[in-house]
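Here is a walk through one protein model in questions and answers. Each reply sets a value beside the rule that gives it its label.

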Amino acid sequence: MNSKAIANGILRAVGIILAVALVLYFLYKIQSVIVYIFIAAVISLIGRPIVIFLRRRLKFKNTFAVVVTMVFLIGIFAGIISLLIPLIVEQGQNLSLLDIDQLKINIEELYKASIQYLELNHIDAEQAIKESKILSNLDYSIIPNFLNSFVAGIGSFSIGLMSVLFIAFFFLKDSNLFQQGILTFIPNEKESNTKRSFSKISDLLSRYFVGLFFQILILFVIYTIGLLIIGVKNAVVIAFLCALINLIPYLGPLIGGALMLLLVMTNNLTDSFSEVILPNIIYTLIIITVAQLIDNFFSQPFIFSKSVKSHPLEIFLIIIIAGLLFGVVGMIVAVPSYTAIKVILKEFLSDNKVVKKLTQGL
């Protein structure tokens with residue numbers, strides 16, 4: 001190999017590296033658009049069974065079926081927002097009445113009562129808590145600060161929402177739009193495999209997202225019944241919001257549970273802490289525990305194994321790895337992405353031993 005060939009090889013390698021770097025930089029700069037496209041794709045997958053039902057059963061034209069589906073999905077979203085607005089307003093009013101000094105006193109009284117109940121040496125314990133300054137260092141302003149941050153993000157959220165709905169409409173109307181765009185870069189001999197992959201991925205992910213809907217519905221029903229039994233105001237809205245957050249794998253139940261406890265506490269800020277707020281917190285913890293046990297041992301294994309045809313342990317490892325690499329967003333998209341990768345591998349590398357083992361259920 002002469003020096004000219006080596007130089008050409010080096011230049012080609014440098015050119016490829018620069019091209020990849022530019023593509024990655026470009027994708028980084030338009031990451032918000034990529035997120036919009038991904039969310040729109042999810043919405044189109046959820047709406048796809050509705051469109052098919054309207055076209056096949058009710059004989060609707062494609063465009064009219066898509067319009068009806070979008071109106072239905074928008075109506076559901078508008079209903080959710082209409083439920084959340086009164087809750088946000090009421091919680092804001094409750095927080096405006098929050099007496100920080102009285103809250104500190106209530107927590108200190110609860111601590112002392114707990115020590116007496118457990119028959120501990122409360123004199124030494126009190127001295128230890130004073131020396132650690134735990135109570136004085138607690139930041140009680142985190143509650144109103146969180147609410148202010150939430151309200152500030154509504155503006156940018158509305159812009160993203162309109163973009164997502166616009167893209168989702170055309171994904172539903174021209175179901176092969178995304179597929180045709182990808183096929184542009186696929187060699188002719190691989191087109192048939194690619195089309196089969198798209199069809200299989202669409203079917204699996206549609207079933208997966210429909211399964212997630214039923215998972216949220218089950219949690220919503222359990223939360224609603226439990227909160228209504230203990231007499232929590234806005235029980236339906238709180239139950240729905242906390243069930244929806246459960247979409248985030250593993251972290252979602254923790255965040256939803258913490259939010260439910262917070263909303264239950266702020267519902268009764270003017271009542272006695274030991275007689276009303278504390279018992280409600282205990283009952284709420286029981287409700288959360290029962291709901292999560294049902295979800296973890298019934299809903300999730302059934303949805304994951306039946307909809308995407310993967311073993312629960314396989315799904316668990318994929319979600320954990322995606323979370324470590326890409327954070328919360330990675331955990332949310334882990335299962336759909338992994339399912340799509342498995343389908344593609346089965347179509348293009350079906351003779352590989354590892355691929356056969358991973359995709360034997362597909």
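Q: Where is T284 placed, and what makes it buried?
A: T284 sits in helix α13 of this predicted model. Its relative accessible area is 0%, and buried means under 20%, so T284 is called buried.

Q: Which residues is T284 in contact with, leaving aside neighbours within four places in sequence?
A: They are L227, I230, M260, L261 and V264. Contact here means heavy atoms within 4.5 Å.

Q: What does L227 touch, not counting residues up to four places away in sequence?
A: L227 touches T284, along with V232, A235, I238, A239, M260, V264 and I287.

Q: Which members of the largest nonpolar core touch the most other members?
A: L227 is one of them, together with Y223, V232, I238, C242 and M260, in a core of 23 residues. At least two residues of this core come from each of α10, α11, α12 (251-266) and α13 (273-307). The most come from α11, which gives six.

Q: Which residues does the second, separate core include?
A: This core of 17 residues includes V42, I201, V308 and I315.

Q: How do you describe the packing of α10 and α11?
A: Two packed helices are described by the angle between their axes and the distance between the axes. For helix α10 (residues 191-229) and helix α11 (residues 235-245), the angle is about 145 degrees and the axes are 8 Å apart. The crossing of α10 past α11 is right-handed.

Q: Which residues of α10 and α11 meet?
A: From α10 come I216, L219, F220, Y223, T224, L227 and L228. From α11 come A235, V236, I238, A239, F240, C242, A243 and L244. These contact residues divide into 14 nonpolar, one polar and no charged.

Q: What makes F166 exposed?
A: Exposed means over 50%, and F166 has a relative accessible area of 55%, so the label exposed applies to F166. F166 is found in helix α8 (residues 154-173). Its C-alpha atom is separated by 9.8 Å from that of M70, although F166 and M70 are 96 residues apart along the chain.

Q: Why is T63 called partly exposed?
A: The label covers values between the buried limit of 20% and the exposed limit of 50%. T63 has 38% relative accessibility, so it counts as partly exposed. T63 lies in helix α3, and its C-alpha atom is 8.8 Å from that of L172, 109 residues away along the chain.

Q: What is the phi of K59, and is K59 buried or exposed?
A: K59 has a positive phi of about 60 degrees although it is not a glycine. The residue lies in the loop between α2 (31-56) and α3 (62-96). With a relative accessible area of 65%, against a limit of over 50%, K59 is therefore exposed.

Q: What makes S350 partly exposed?
A: The relative accessible area of S350 is 35%, which falls between 20% and 50%, so S350 is partly exposed. S350 is placed in the loop between α14 (312-348) and α15 (353-358). Leaving aside neighbours within four places in sequence, S350 is in contact with L345 and K356. S350 and Q360, ten residues apart in sequence, are 9.9 Å apart from C-alpha to C-alpha.

Q: How many helices and strands does the chain have?
A: The chain has 15 helices and zero strands. Among its 362 residues, 33% are buried.

Q: Which residues does UniProt list under "transmembrane region"?
A: The unreviewed UniProt entry lists several spans, including 9-28 and 34-54. In the model, residues 9-28 are 100% helix, with end C-alpha atoms 28 Å apart. Residues 34-54 are also 100% helix, and their end C-alpha atoms lie 29 Å apart.

Conventions: Residues numbered from 1 in each chain as written. Predicted model: local features only at pLDDT ≥ 70, side-chain atom pairs only at ≥ 80, totals over all residues. Heavy atoms only, no water. UniProt positions renumbered as here; feature names shortened; annotations may be inferred. Helix = DSSP H or I, 4+ residues; strand = E, 2+ residues; numbered from the N terminus. Axes fitted to C-alpha atoms, helices over the stretch in contact; angles between N-to-C directions. Left-handed = near helix turned anticlockwise from the far one by under 90°. Nonpolar A, V, L, I, M, F, W, Y, C, P; charged D, E, K, R; others polar. Core = buried A, V, L, I, M, F, W, Y, C linked by side-chain atoms within 4.5 Å. Buried < 20%, exposed > 50% of the residue type's maximum accessible area, 1.4 Å probe, protein only.
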